[in-house]
Amino acid sequence: ARGRALGALTLAAAESRHHFTDGDLRLAQDLANRAAIAVDNARLHRELLQFRSTLDRTLDCVFMFDAETLRFFYVNQGAVE
C-alpha cells in the first residue's frame, strides 16, 4: 500500500500436480492489493484516533476546517471551553 510492502501472500496447492494459471496470479495480486489497502486504512484510522485524542487532551484551542468551504470539521475541547 502506498509503495510499501506490508506482508506476504503465499499460495499453496494441495495437489502436487496443480499449476497456478495467470488468472490465479491476477486474483492473488488483487487479493493482496485489497488486503494491503485494508491494513493501511486501519493503521491510518488508528493514528487519526490517537491524534484526535491528543488534541482533545490539550487546553489549547484547535480548530480544523475545510480550506475550500471554510467549514469546521473538528474543534477540540480546549476550543469549546
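**Entry 1: contacts and ground rules**

I started with contacts, meaning heavy atoms within 4.5 Å. Of the contacts in the protein with a separation of 6 or more, 20% are between residues 24 or more positions apart. Before going on, I noted that this is a predicted model, where local features need pLDDT of at least 70, side-chain atom pairs count only at pLDDT 80 or more, and totals for chains, interfaces and linings use all residues. I also noted that residues are numbered from 1 along each chain as its sequence is written, and that side-chain values use heavy atoms, with hydrogens and water left out.

**Entry 2: overall layout**

I looked up the secondary structure and found 2 helices and 2 strands. Helices (H or I, at least four residues) and strands (E, at least two) are DSSP runs, numbered from the N terminus. From the N terminus on, the order reads α-β-β-α. The radius of gyration (taken over C-alpha atoms) is 22 Å, well over the 12 Å that the globule rule gives for 81 residues, so the protein is more spread out than a compact globule. That rule is 2.2 Å times the number of residues to the power 0.38. I then checked the box filled by the C-alpha atoms: roughly 70 × 25 × 15 Å along the principal axes.

**Entry 3: helix H1**

How far does H1 reach from its first C-alpha to its last? Its 36 residues, 22-57, reach 53 Å, close to the 52 Å expected at 1.5 Å a residue. The expected span is 1.5 Å times one less than the number of residues.

Next I asked what is buried (under 20% relative accessible area; exposed is over 50%, partly exposed in between, with a 1.4 Å probe and protein chains only). In the protein, 11% of the 81 residues count as buried. In H1 they are Ala 28, Ala 36, Asp 40 and Leu 55. Their cover includes strand E1 (63-65) and strand E2 (72-75).

I picked Asp 40, which sits in helix H1. Its relative accessible area is 5%, so Asp 40 is buried. Leaving out residues up to four places away in sequence, Asp 40 touches Ala 1, Arg 2, Arg 4 and Leu 6.

Then I turned to Gly 7, in the segment before H1. Is Gly 7 buried or exposed? Gly 7 is exposed, because its relative accessible area is 67%. From Gly 7 to Ala 36 I count 29 residues in sequence, and 7.8 Å in space, C-alpha to C-alpha.
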